[in-house]
Amino acid sequence: MSRIFNLREGLTVADDTLPERMFTPLEGGGPCAGFFIDKETFDKAIRTYYAINLWDEDGVPTETCLYQNELDWLIGEF
């Protein structure tokens with residue numbers, strides 16, 4: 001239901017990202033030094049998340065998703 005609200009308010013697949021700094025290695029010492037998130041891996045994870053939730057490639061819940069979650073009353077709301 002929150003995804004439908006966000007779509008209605010203008011959020012898109014382009015908003016499903018992290019700040020650019022997350023994709024560059026961390027500086028300094030400590031156990032997380034050099035850690036970063038690979039952008040390709042992150043994009044694959046987003047696509048997998050969409051598929052698991054029965055959303056299309058644009059992050060829009062399919063009618064099947066809405067029916068399975070008893071949210072069919074939201075069809076056409078975005």
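The side chains of Arg3 and Asp16 are joined by a polar contact of 2.7 Å. The model is a predicted one. Arg3 lies in helix α1. Its relative accessible area is 14%. Buried means under 20%, so Arg3 is buried. Leaving aside residues up to four places away in sequence, Arg3 touches Asp16, Tyr50, Trp55, Asp58, Gly59 and Pro61.

One of these contacts, Tyr50, is also a buried residue of helix α2. Helix α2 covers residues 39-52, which is 14 residues. At 1.5 Å a residue, α2 should span 20 Å. The C-alpha atoms at its ends are 20 Å apart, so expectation and model agree.

The buried residues of α2 are Phe42, Ile46 and Tyr50. Viewed down the helix axis, these residues fall within an arc of 80°, so they line one face of α2. They pack against α1, which comprises residues 2-8. The face turned away from the buried side carries exposed residues: Glu40, Thr41, Lys44, Arg47 and Ile52. Just after α2, Leu54 adopts a positive phi of about 60°.

The cysteines were examined next. The structure contains zero disulfides. Cys32 has a relative accessible area of 45% and is therefore partly exposed. Cys65 has a relative accessibility of 7%, so Cys65 counts as buried.

How values were computed:
Residues numbered from 1 in each chain as written. Predicted model: local features only at pLDDT ≥ 70, side-chain atom pairs only at ≥ 80, totals over all residues. Heavy atoms only, no water. Helix = DSSP H or I, 4+ residues; strand = E, 2+ residues; numbered from the N terminus. Expected span 1.5 Å × (residues − 1). Buried < 20%, exposed > 50% of the residue type's maximum accessible area, 1.4 Å probe, protein only. Arc of directions from axis to C-beta. Contact = heavy atoms within 4.5 Å. Disulfide = S-S within 2.5 Å. Polar contact = N/O pair within 3.5 Å; in protein donor to acceptor, adjacent residues only side chain to side chain.
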